[in-house]
Amino acid sequence: MPSGLQDDSAVGNTRLRKHQMASTQSGLRIQGDDNLQSMIVGTVMRKIKSRTWKKQRYFRLQEDCMTIWYKSKKAGNAHSTFSVGDVEAVREGHQSEVLMSIADDFPPDRCFTLVFRGRRGNLDLVADSAEEAQAWIKGLRKLIENLENMGQSEKLDQWICDWFKKADKNKDGRMNFKEVQDLLKMMNVDMNEHHALRLFMMADNSQSGTLEDDEFVHFYKMLTQREDVLRVFQEYSGDGQKLSLQDLEDFLREQQLECEGVEQHALDLIERYEPSETAKMFHAMSIDGFLMYLSSPEGSIFNPNKRNIFQDMNQPLCHYFISSSHNTYLLEDQLRGQSSVEGYIQALKRGCRCVEVDCWDGPNCEPVVYHGHTFTSKILFKDVVIAVGNYAFKVSEYPIILSIENHCSVEQQKVMAQHLNQILGDKLLKTTLDGKIPIGLPSPEDLKGKILLKGKKIGGLEERLNGVEQDSLTVEVSDEDEVADIEEDNHRNDSFRCRTKKSKPRLSKELSDCVVYCKSVHFCSFKHSRIHSKFYEISSFTESKARKLMRETGAEFVCHNARQLTRIYPSGLRTDSSNFNPQDMWNAGCQIVALNFQTAGVEMDLNDGLFSQNGRCGYVLKPDFMRSPDKGFDPENSPNHETHQPLSLCIQVISGQQLPKVNIKEGSIVDPLVRVEIHGVPQDQARQETRYIENNGFNPVWYDTLNFTIHIPDLALVRFVVEDYDKTSKNDFVGQYTLPFSCIQQGYRHIHLLSKDGTSIPPSSLFVHIRVTELT
């Protein structure tokens, strides 16, 4: 190895210099920005929760420029903090329901809303002046932008810096051995005192009995040394010190199974991830560069080629799985939960393309949205349409389907149609794309930027386009069939929702005319649909009805879904807003599988996993054997299908890194185990676990191998779950990651874990080796 290359490549030295300057850099950042300086000084603002709950709080930006500290003026020493990294966006003015409700009390230039990642509620604030509000709005936006532009190495630096500050209890800029012991517990490390003291003394170059910035970085580097990665590195390194260009090419070919443009890719990886300029000059990669590559998106388990839109978007709508939400307006349960336009905003930001709107007659001839016959709160239909219009195409440009559950009188249906037309304008699809009678559903590509209404329609497309008018009084509104299905599920729980028998309302022509390609119809049978149904007709089923059809006539269900759209929604008994397993419905080719997006859990993990591919656009092309009515695929009997080649999936779970603490009890350390779950057709459903590692959530090592057979790879999802083992009670959830089997990259890969809410929890990860082979 060239002289000096080893030392030059040591990330510790680079970090040492960075951390010596860390406080200086944040100081310069503050000095150069009036808004950040103002935030550091702090501001008293009103925190608003409702029209009647308005409390003063003192907000201040910490000197790390990463943490917001706030407290009540009356709460003594009690205070709260949140990270700038938790904030997704800052909305200016009256841009939330809470701030709109107090619009008469406070002008918009003093109001702003912090929107957090995941399912955490918004923080609505009112400053004493427009200038103070602007300082926080501009300052926070700048900090968020800086964080988003941070490189991988800078984020790790920030993470180390955060730990140092947490451990430095007396804030003197150095750590004694007691503080280091406390830090190890905070970091999920159970290390015996003798070993901890040995590392401490090795890092204490100044022999002062304390660790300063640079010494702490050295301590951290010893603590986080990746023996697992070093073992792989040395296996391919000719001299044990570096990977030459040829060494790196061999690794990429033999382990990562790359076959095209390998030499150029190896050069690109060195240029992108190698921290040592000397190593770059010799076209070599150090252990630090190798670890940086394996920890990057290119080294992750998810194939980067499948992250952007890569599928054919020109197929008919019924050939896609469509990300769909049930009772989108609810933020909590189905009985007493809050209704909010935030439900629509959050779902649309997650890539959802079909949202549900339950419409009822409201006061002053303004339709309202809520879960009928319950105590859920009500919001205006008009406000829902405004929110959908504003957020429909921020994440995906492909079409939105508004699934209307219409309980309104004819008069208020006309108001609904008026709002849809006036607010959405050209975004609302009001006729077929070319004005002619179509022969099939258009594609997502054809419908880019369009909002489609799903609901009952007077007559069909043919009559409308031929100018034949039908009497609106002969057509019932869309939801009566669904109510009947819910009542069928609900017959044992009549106390949940008390209904009174009413005469069935009728459909207004104005609302009917807004429905084009998604006409709701009652389902009779697959035979009836095959003979009589039109391609633009869509039927809705409860989960129990769908499962029954799947068991009895699975192949016919798949065939039906190759021709037209189907929507599945949760049972009326799920008053807690729990979800059914969507995989069962995707196995039958059902496109619109509506879930309660507000409820975290394995079902939403699967939904997020399926739609994490193809640009997160909310549309995933179904496998070809589900797109043709004559393929005869039966999800209940899939291994016998002649077109499938079973695959073997071998996963070696090697190690974990910096797993989050789940038990806040002092001194509690995680005992992690990893479970791998296969979700797919019934024959592919499987799960296996590693051993649990006692008292080590910081750098547990397993080297456990799990083997699976997958018969229908195109429908399989793979879920990695980390749990804290407990022999006396249920294991605690630590983190998870779910992805389509078809998106897996083979070889040595990191899996970057997500929280229960689906948000990232860096730098928590798993290190695995993946191999997929054909079964003969």
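**Salt bridges**

I counted the salt bridges, taking a side-chain nitrogen of Lys or Arg within 4 Å of a carboxyl oxygen of Asp or Glu, and the count came to 32. The model is predicted, so local features need pLDDT of at least 70 and side-chain atom pairs count only at pLDDT 80 or more, while totals for chains, interfaces and linings use all residues. Residues are numbered from 1 along each chain as its sequence is written, and side-chain values use heavy atoms, with hydrogens and water left out.

**D239 and K242**

I looked up this pair and found a salt bridge between the side chains, 2.7 Å from N to O. For burial I used relative accessible area with a 1.4 Å probe and protein chains only: buried is under 20%, exposed is over 50%, and partly exposed lies in between. D239 is partly exposed at 33%, and K242 is buried at 19%.

**R530 and E556**

I then went to R530, which forms a salt bridge with E556; the closest N and O atoms are 3.2 Å apart. R530 sits in helix α22 (residues 526-532) and E556 in helix α23 (residues 543-563), so the bridge ties together parts 26 residues apart in sequence. Helices here are DSSP runs of H or I with at least four residues, strands are runs of E with at least two, and both are numbered from the N terminus. I noted R530 as partly exposed, at 48% relative accessible area, and E556 as partly exposed, at 33%.

**E723 and R675**

Which residue does E723 bridge to? I found R675, with the closest N and O atoms 3.1 Å apart. The pair links distant parts of the chain, 48 residues apart: E723 is in strand β23 (residues 717-724) and R675 in strand β20 (residues 672-679). Both residues are buried. Through shared partners, salt bridges join D605, R675, E677, R687, E689, R719 and E723 into one network.

**Nonpolar cores**

I took a nonpolar core as a set of buried Ala, Val, Leu, Ile, Met, Phe, Trp, Tyr and Cys residues joined through side-chain atoms within 4.5 Å. The largest has 66 residues, of which V357, F381, L420 and F557 touch the most other members. Helix α17 (residues 381-391) gives the most to this core, six residues.

I listed the contacts of V357 (heavy atoms within 4.5 Å), leaving aside neighbours within four places in sequence: Y344, V369, F381, V384, L402, S403, I404 and E405. Another core of 32 residues lies apart from the largest one, and its members include A716, C743, I751 and I770.
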